[in-house]
Amino acid sequence: MRSKTWFRTYGTWLMVMALALTGCRQEEDTIEIVPARQWVEKTVAVVAPLGDAATKTRMERTADWFIENFRKAQRHDTLAIDLKIEWHDELSEDLTALSQTLAGRDDIVAVIGPFANGHVALFASACMKTQKPLIAPTATSEDIIRRYAVTTSGLGTNDKPFLWSLTETDVTLTSLLMSSYTTMCSYYKDQLIPKATLYAPDDDYGKTFNYWAPFYALEDDMEMLGNELYSSSEDLIGRIEANRARISSQDGSWSTATFCVVETARQMYDVARTNRKSVLSNPALSEYFKSTDPDDPANDDQWGLFRSAYQTYFVFPALSEETLAALGPRAGAMLQGYEGVSPYADPATGFELSYKTRFDELPTFAECKFYDALILSAFASCYQEHHNAPSLRPEKPSDASANAGLNDAIVAITSTANASMSGAAWDVTAMELYLSAMEQGRLYHFIGASGDICFDPEIGRAHV
């Protein structure tokens, strides 16, 4: 009796083990054999400012989080993508050589980054020749995106998109910058006539603002007192001081706005300090302050009363808790009351809250867009593997058409007219539903961590 019981238990254990190892599923006396999962390795190169310690930490943990979610979302798939990341530092490496190397490597399916506009232009020039997919998370230069929207050399057909910019251009930011100020002026009507000066860096990033500012000023019925490009932080401060002195001497007016497109948080701090110096140098205004020292905390409570005297709007895409903390304990008081615009994630996607819960910090613009770049490369790789069309799976991987295959996949998954799936596709549950539908040939519009991910199928330009 004891022996019989032992064999019965052992037999049950063996049966359970057999089911686990073979992946059998039994329903109503029918046994279905589920094939073992096949993992296909895909490698993307990420070129990011990893030389900055805070950015490196944020990029790496965001990547780890995505890969964890992506693997979980494929847990029921028989053909799954094993996404690998090869990291490169855009602050220290030879980007000219790196761009050419990555553009020509067959084992790299796509390049994500760089994050600086000028660096994107460098990589776009190299990737255009091989049509290597280049996903730019934070590139906003209208000139760069328009210039490299499609392939113009290197292939027989010169109308294929390869540059996938995930952010609206600075044309939109310029419009927001202007309208913020004119909206405020409208509340004061004749008491505050909109007049402003714009300062932008003399590079590919700043030139968009410089080109479009006069147009939007005209649209908003604003007088542009200046539209200048600066070459350095010192040049920026010098120009602001000179123009404030000039404007004051001409009509005695201090109620003009300053639009500053800055590249560092330190520039914001320096501009704020310069504004205080300008106000304190005016005898008619300085009498209201306890000190003529722009750094004196005793004056902090008074600055809100003189907002129109130094009305300043910033554009700064790299704003984060770390950048503000690095300015020191006086940053909060010095920048109190300042406004600005910066690309960011749509809070409706839920990514911001989930990131805060997981890492106890708010995400920056770069991480939200980086996560979406990983989504785009991963989803396109899945589509390319599951739909074995000749245009997507070329026989000669070394040929430029191999890169065109992933570009075609990106076009397919981001230009569908079908409705969106419920929920943003950045988390495990929604991602799993999207991938399951895609594998069965049903494509849906999807929303990423920062918002919609969709492109014009002809030129690869983001729909805005």
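Helices are taken as DSSP runs of H or I with at least four residues, numbered from the N terminus. The model described here is predicted. Under this assignment, Tyr216 is found in helix α7, an element that spans residues 204-219 and also contains Trp212.

Trp212, with a relative accessible area of 30%, is partly exposed. Together with Tyr211 and Phe215, Trp212 makes a nonpolar surface patch of about 320 Å².

Tyr216 also takes part in a contact between segments that are apart in sequence. Its C-alpha atom is separated by 6.7 Å from that of Met178, a residue 38 positions away along the chain.

Packed helix pairs are described by the angle between their axes and by the distance between those axes. For helix α6 (residues 170-188) and α7, the axes come within 9 Å and cross at roughly 50°. This angle makes α6 oblique to α7. The handedness of the α6 and α7 crossing is right-handed.

A second pair is formed by helix α14 (residues 365-386) and helix α16 (residues 428-439), whose axes come within 10 Å and cross at roughly 30°. Angles under 35 degrees count as roughly parallel, and α14 and α16 are therefore assigned to that class. The crossing in which α14 passes α16 is right-handed.

Technical notes
Residues numbered from 1 in each chain as written. Predicted model: local features only at pLDDT ≥ 70, side-chain atom pairs only at ≥ 80, totals over all residues. Heavy atoms only, no water. Patch = residues over 30% accessible without salt bridge, like charges linked within 9 Å, V, L, I, M, F, W, Y side chains within 5 Å. Areas by Shrake-Rupley, 256 points an atom, 1.4 Å probe, with all protein chains shown as cover. Salt bridge = Lys/Arg side-chain N within 4 Å of Asp/Glu carboxyl O. Helix = DSSP H or I, 4+ residues; strand = E, 2+ residues; numbered from the N terminus. Buried < 20%, exposed > 50% of the residue type's maximum accessible area, 1.4 Å probe, protein only. Axes fitted to C-alpha atoms, helices over the stretch in contact; angles between N-to-C directions. Parallel < 35°, antiparallel > 145°, perpendicular 65-115°, else oblique. Left-handed = near helix turned anticlockwise from the far one by under 90°.
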